[in-house]
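Biologist: Could you take me through this model? I would like to begin with the fold and then turn to the charged side chains.

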Amino acid sequence: MTLDDPEDEHAVKDDDGIPGSTDHILDDKSNAAKTSMLTRLLVTAAALTAVAAHLIWSNLKVDGVVVAMLVIALLPWLGSVFESLELPGGWKLKYREIQQQLENTHAQSQQAIGAAASASQKADFAVAASEPATGTGTASEQFNELVAKYNHIRATQQSSHTRTKTLTQIVAQMVALARKMPDFPWQEALSSDDRGRRVAAYAWLYARPNADASRSLVRTLTTAREDTDFGQYWNLQALQRCLQLADPDTAATLKPELERFLPRLPPNNPRYHELSDLLQQLPEQPQY
């Protein structure tokens with residue numbers, strides 16, 4: 001999985017954008033239907049396997065266990081009609097509870113995929129950050145050259161793990177240069193239509209976190225100003241650092257906006273993992 005958009009079922013594939021609200025709702029319904037069907041098939045398959053195993057063990061004797069397992073096999077397809085069924089032997093199975101448990105397991109596995117992809121991304125960044133700088137000219141000049149290089153790569157290469165890794169190397173170089181640059185117009189860059197300029201702002205704020213930038217980063221992320229998976233990921237990296245310096249009241253007021261944005265991200269995406277982790281660290285807004 002890459003951060004460069006192809007894995008994201010909710011992303012616009014040709015321009016790396018994020019979907020409109022209508023597309024998102026339709027996608028959510030489609031994914032929910034697929035998950036529900038998979039859950040039903042898993043329950044039925046498991047029950048029928050148990051029936052076959054019990055028949056072999058009992059020399060093809062049909063008893064209460066076999067009947068119970070056959071009912072379980074049918075239960076997923078009757079769930080919309082029956083809340084619960086009493087089974088032979090006094091067993092009581094609640095279909096919706098079983099389904100919820102299976103769906104929770106599926107959700108956890110999806111989130112684990114996102115966490116692993118995020119760890120891989122950070123490893124690529126760490127490797128790139130350890131490499132010596134090779135550019136010439138002032139730090140500011142090299143910084144601008146990297147912005148142009150970033151935009152060129154996005155415009156000329158297809159979304160892939162290789163492209164994501166190359167863009168990550170550019171961000172690592174930007175971060176190294178930012179440590180030599182005491183000033184950068186990050187406010188203007190965050191509101192720019194230039195994707196490379198926005199990523200440059202994230203890199204600069206990652207290297208030089210600023211509590212005052214927290215609100216601007218959240219606005220750029222949640223209002224679809226940042227329209228790429230890769231950009232959103234690095235926005236979140238910078239935001240985590242900036243919020244560490246923000247006062248608790250500021251962090252608490254920004255939390256609801258980030259919580260509303262989280263469901264727009266696929267659970268198996270690194271952005272979901274990073275934002276979930278960040279939300280757990282933020283304080284709750286006090287109730288008066």
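Modeller: We shall go from the overall fold to the salt bridges and then to one helix residue. Please note that this is a predicted model.

Biologist: What does the secondary structure of the protein chain come to?

Modeller: The chain holds eleven helices and two strands. Read from the N terminus, the order of elements is α-α-β-β-α-α-α-α-α-α-α-α-α.

Biologist: And how many of the residues are buried?

Modeller: Of the 288 residues in the protein chain, 42% are buried. The accessible surface is about 15,100 Å², and carbon and sulfur atoms contribute 55% of that area.

Biologist: What share of the contacts with a separation of 6 or more comes from residues 24 or more positions apart?

Modeller: Such pairs account for 68% of those contacts.

Biologist: On to charges. How many salt bridges are there?

Modeller: The count is eight. One of them joins the side chains of Arg195 and Asp227, with an N to O distance of 3.0 Å. Arg195 belongs to helix H7 (residues 195–207) and Asp227 to the loop between helix H8 (214–222) and H9, so this pair ties together parts that are 32 residues apart in sequence.

Biologist: Which residues are linked in the network of salt bridges?

Modeller: The network links Arg195, Arg198, Glu226 and Asp227.

Biologist: What about Glu284 and Lys255?

Modeller: Their side chains form a salt bridge of 2.8 Å, N to O. Glu284 lies in the segment after helix H11 (270–281) and Lys255 in helix H10 (residues 248–261), so the pair ties together parts 29 residues apart in sequence. Glu284 is exposed at 58% relative accessibility, but Lys255 is buried at 7%.

Biologist: Changing topic: where does Asn235 lie, and why does it count as buried?

Modeller: Asn235 is in helix H9 (residues 229–245). Asn235 counts as buried because its relative accessible area is 0%, and the cut-off is under 20%.

Biologist: Which residues is Asn235 in contact with, leaving aside its neighbours within four places in sequence?

Modeller: Asn235 then contacts Tyr202, Leu217, Thr220 and Leu221.

Technical notes. Residues numbered from 1 in each chain as written. Predicted model: local features only at pLDDT ≥ 70, side-chain atom pairs only at ≥ 80, totals over all residues. Heavy atoms only, no water. Helix = DSSP H or I, 4+ residues; strand = E, 2+ residues; numbered from the N terminus. Buried < 20%, exposed > 50% of the residue type's maximum accessible area, 1.4 Å probe, protein only. Contact = heavy atoms within 4.5 Å. Areas by Shrake-Rupley, 256 points an atom, 1.4 Å probe, with all protein chains shown as cover. Salt bridge = Lys/Arg side-chain N within 4 Å of Asp/Glu carboxyl O.
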